[in-house]
Amino acid sequence: MKTLIANWKMNVGIRESVALARGTLLTLRGRKLIPELVICPSTIALSEVRKVVARSSVSLGAQNVFWESKGPYTGEISTRMLQEVGVSYVILGHSERRQELHETDEMIHKKVLYVLSEQMTPILCIGESKQQREAGQTQEVIRAQLISALSQVYVRGSERVLIAYEPVWAIGSGEASSVGEVIEIHQYIRSFLQELFPGVSSQQLPILYGGSVDGENAYGFLREEMIDGLLIGGASIKINQFNDIVEAAGEVLEAQGT
Ligand code: PGA
């Protein structure tokens, strides 16, 4: 299986999101094999987008959540509220939130625990900055992010945690990481996850890549067995680009006979 996460960020309002959701559904039409597809609109567009995707195979994701079910948390939103509008996935630890909103590892950890306890699926973003990469600290940074976010986490039954490896310098820069480098890091993450969660299958802990994925480079990532899917920002709101990415996923699935 290959998974595509469309992260629309703070780019489209309600009307545009509805149109984009319709366009996204069309990218799946007529294909024999389709990837698992999760679209993550802004919070305000969730309930309208839900109406569009309700009877499709597309799942809804949120871009953030708080770690309590209700209370005096002005401006925040709870898992229950998200569930009311059909959300089953939540992006957590995105570097834009880590940087711009000073979200700490501790906050991300609380969110991961809370999302899992509410039977939702976290999409945990990790990745090194340019300086950390240049200082040769990539593995160390990733390891620390995983240890912090996943401590006390158990992946039981049908639960899943999606890990999105997104090098910060590759996000929105037009400069994706090379396939070779991504494979190397994914191998590192995979072996570390095996240590943290012995016996838990890789289907329950898929590792995705994100950072300047587009219609041209998607196939190169998706055809690799080590890369379980992609988290797509900019190209997910350009329907032609996104269509090419879905097509690339379809080709890979066909070639793999899955
Ligand atoms: P990008 O964003 O595809 O625009 O680089 C990816 C992300 O931030 O999730």
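**The nonpolar core around Ile189**

Guide: In this predicted model, Ile189 touches Ile126, Ile142, Leu146, Ile163, Tyr165 and Ile207, leaving aside residues up to four places away in sequence. Ile189 belongs to the largest nonpolar core, which has 68 residues. Together with Leu4, Leu150 and Leu230, Ile189 is among the residues with the most contacts inside that core. Helix α8, spanning residues 179–196, supplies the largest share of this core, namely 7 residues. Apart from this core lies another, of 11 residues, including Ile5, Tyr89, Ile123 and Leu208. As general background, nonpolar side chains in soluble globular proteins tend to be buried together.

Lys9 is found in the loop between β1 (3–7) and α1 (14–28). Although Lys9 is not a glycine, its phi is positive, at about 50°. The relative accessible area of Lys9 is 17%, so this residue counts as buried, the cut-off being under 20%.

His102 occupies the loop between α4 (95–100) and α5 (105–117). His102 is likewise not a glycine, yet has a positive phi of about 55°. With a relative accessible area of 58%, His102 is classed as exposed, because that term applies over 50%. Thus Lys9 is buried, whereas His102 is exposed.

How values were computed:
Residues are numbered from 1 along each chain as its sequence is written. This is a predicted model: local features need pLDDT of at least 70, side-chain atom pairs count only at pLDDT 80 or more; totals for chains, interfaces and linings use all residues. Side-chain values use heavy atoms; hydrogens and water are left out. A nonpolar core is a set of buried Ala, Val, Leu, Ile, Met, Phe, Trp, Tyr and Cys residues joined through side-chain atoms within 4.5 Å. Buried means under 20% relative accessible area, exposed over 50%, partly exposed in between (1.4 Å probe, protein chains only). Helices (H or I, at least four residues) and strands (E, at least two) are DSSP runs, numbered from the N terminus. Contact means heavy atoms within 4.5 Å.
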